[in-house]
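Subject: Structure handover

Hello,

Here is the structure I promised you. Please open it and keep it beside this email as you read.

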Amino acid sequence: MKSAFITVVLLVAPAMLNAQIKPHCFAQPCSIKGDFDGDTKEDIADLVENSNKRGIRIKFGSGKQVIIGAGEKSIKGLTDLMWMNLWELHKGPIEKSTIKGSGKAPVAKGDTLKLSEEFATSGTLYWDGKEFKWYPQVGK
């Protein structure tokens with residue numbers, strides 16, 4: 001009897017690709033609502049964890065989602081937001097950084113998130129129209 005080998009190709013829905021990512025409230029509040037992409041639809045940013053790496057999941061009003069950190073998306077080399085213990089919604093222009101040579105403050109398409117480590121440096125997470133970017137700042 002001849003044996004046959006069958007190759008099976010499994011297509012996974014995008015939501016299943018990040019099945020390991022779970023909610024993890026490592027700072028308060030656990031989630032923040034805003035309009036991060038400037039489309040006037042409410043978006044939600046949730047704190048998450050994946051394999052002991054912390055991050056933020058942004059769910060856009062359109063249904064699209066982006067993971068920052070949590071071992072997934074690196075922003076300026078950050079794949080783990082373990083250091084972050086404060087975060088808040090910021091509306092309006094991004095404040096100019098006090099870090100020498102940081103250049104002028106970028107223009108965000110919507111609301112931004114200020115991420116901080118208490119008594120240390122901080123930065124602003126913002127949507128530039130295509131992706132999230134990081135602008136380093138100092139202080140809380």
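Below are notes on confidence, salt bridges and the nonpolar core.

First, the ground rules. This is a predicted model, in which local features need pLDDT of at least 70 and side-chain atom pairs count only at pLDDT 80 or more, while totals for chains, interfaces and linings use all residues. Residues are numbered from 1 along each chain as its sequence is written, and side-chain values use heavy atoms, without hydrogens and water.

Confidence

pLDDT is the predictor's confidence in each residue, from 0 to 100. The protein's mean is 83, and 84% of its residues reach 70 or more. Helices (H or I, at least four residues) and strands (E, at least two) are DSSP runs, numbered from the N terminus. Among these elements, strand E2 (residues 31-34) has the highest mean pLDDT, 98. Helix H1 (residues 14-17) has the lowest, 43. Across residues 1-17 the pLDDT is below 50. Beyond near neighbours in sequence, that stretch has 1 contact (heavy atoms within 4.5 Å) in the model.

Salt bridges

How many salt bridges does a search of the whole structure find? The count is 3. The term means a side-chain nitrogen of Lys or Arg within 4 Å of a carboxyl oxygen of Asp or Glu. For exposure, buried means under 20% relative accessible area, exposed over 50%, and partly exposed in between (1.4 Å probe, protein chains only).

- Asp46 and Lys59 pair at 3.8 Å, N to O. Asp46 sits in strand E3 (residues 43-50) and Lys59 in strand E4 (residues 53-59), 13 residues apart. Asp46 is buried at 16%. Lys59 is partly exposed at 35%.
- Lys91 and Asp111 have their closest N and O atoms 3.1 Å apart. Both lie in the loop between strand E6 (86-90) and strand E7 (112-116), so the bridge ties together parts 20 residues apart in sequence. Lys91 is exposed at 56%, whereas Asp111 is buried at 10%.
- Lys133 and Asp128 have their closest N and O atoms 3.2 Å apart. Lys133 is partly exposed at 31%, and Asp128 is partly exposed at 25%.

Nonpolar core

A nonpolar core is a set of buried Ala, Val, Leu, Ile, Met, Phe, Trp, Tyr and Cys residues joined through side-chain atoms within 4.5 Å. The largest one has 21 residues. Which of them touch the most other members? They are Ile56, Trp87 and Phe132. Strands that each supply at least two residues of this core include E5 (65-69), E8 (121-127) and E9 (132-138). Leaving aside neighbours within four places in sequence, Phe132 contacts several residues, among them Phe36, Ile58, Val66 and Leu125.

Best wishes
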